[in-house]
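Biologist: I have a structure here that I would like to understand. Could we go through it together, beginning with the helices and then the sheet?

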Amino acid sequence: MTVLTTRQRRLRRRRRVRARVTGTAERPRLSVYRSNRGVFAQLIDDGKGQTIAAVNWIEPDLRKLTASDQAKRAGELLAERAKAAGVESCVFDRGGYQYHGRVRALAEGAREGGLVF
């Protein structure tokens, strides 16, 4: 029996999710990466392999917030940038993380900002 590390298990879940979730120009993929220090999110058109909009925790608006508030505000910022780029809806790629905590806060912030998924 093989023993997998936490990182290996997350990457296995991530591959399983990515096998089913694909972003298009009309509905890009909202990809989430959660580090120990912050959260990153981007809207990706997988057909072109191009990032449409992105948000990073080191931006001045987000840097001083607590982790959950930071994630929620990041989702709202991403939704604003998506609307500026002409995107109204997307598909959510949780990146192998549980839909819980910061990942959930980011998704709720994006929904409140106007993205539909």
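Biologist: Which residues of α3 are buried?

Modeller: A word on the source comes before that: this is a predicted model, in which local features need pLDDT of at least 70 and side-chain atom pairs count only at pLDDT 80 or more, while totals for chains, interfaces and linings use all residues. Residues are numbered from 1 along each chain as its sequence is written, and side-chain values use heavy atoms, with hydrogens and water left out. In α3, the buried residues are Gln70, Ala71, Ala74, Gly75, Leu77, Leu78, Ala79 and Ala82. Buried means under 20% relative accessible area, exposed means over 50%, and partly exposed lies in between, using a 1.4 Å probe and protein chains only. Helices (H or I, at least four residues) and strands (E, at least two) are DSSP runs, numbered from the N terminus.

Biologist: What do those buried residues of α3 pack against?

Modeller: They pack against β1, β2, β3, α2 (60–63) and α4. Contact here means heavy atoms within 4.5 Å.

Biologist: Is aspartate 69 buried or partly exposed?

Modeller: Aspartate 69, which has its place in helix α3, is partly exposed, because its relative accessible area is 44%. Its C-alpha atom is separated by 29 Å from that of threonine 5, 64 residues apart along the chain.

Biologist: What about glutamate 59, then: buried or exposed?

Modeller: Glutamate 59 is buried, because its relative accessible area is 18%. It is found in the loop between β3 and α2. Leaving aside residues up to four places away in sequence, glutamate 59 touches Ala54, Leu77 and Arg81.

Biologist: On to α4. How many residues has it, and what covers its buried ones?

Modeller: Helix α4 (residues 102–113) has twelve residues and reaches 16 Å from its first C-alpha to its last, close to the 16 Å expected. Its buried residues are Arg102, Val103, Ala105, Leu106, Ala107, Gly109 and Ala110. What covers them includes β1 (29–34), β2 (39–45), α3 (67–84) and β4 (91–93). Just after α4, glycine 114 takes a positive phi of about 115°.

Biologist: At what angle do α3 and α4 pack?

Modeller: The angle is about 35°, and the axes are 7 Å apart. Axes are lines fitted to C-alpha atoms, for helices over the stretch in contact, and angles run from 0 to 180 degrees between N-to-C directions. Among the residues that make the contact are Ala71, Gly75 and Ala79 of α3, together with Ala105, Leu106 and Gly109 of α4.

Biologist: Changing topic to the sheet: in what order do the strands stand?

Modeller: Four strands form an open sheet in the order β3-β2-β1-β4, with mixed pairing. Because β3 (50–56) and β4 stand at the edges, each with a single partner strand, one side of each is left without a neighbour in the sheet. Two strands pair if DSSP finds at least two bridges between them. Neighbouring strands of this sheet are turned by 20° against each other on average, direction ignored.

Biologist: Which way do the pairs run, parallel or antiparallel?

Modeller: β1 and β2 run antiparallel, joined by six bridges, and tyrosine 33 stands opposite phenylalanine 40 in β2. β2 and β3 also run antiparallel, with six bridges; there, alanine 41 has valine 55 as its bridge partner. β1 and β4 run parallel, with three bridges, and arginine 29 stands opposite valine 91 in β4.

Biologist: What joins β1 to β2, and where is glycine 49?

Modeller: A hairpin joins β1 to β2 through four residues. β2 and β3 form a hairpin as well, with four residues between them; glycine 49 is in that turn and has a positive phi of about 70°.

Biologist: Last one: which strands does α4 lie across?

Modeller: α4 lies across β1, β2 and β4, and runs at about 145° to β1.

Key: The expected span of a helix is 1.5 Å times one less than its number of residues.
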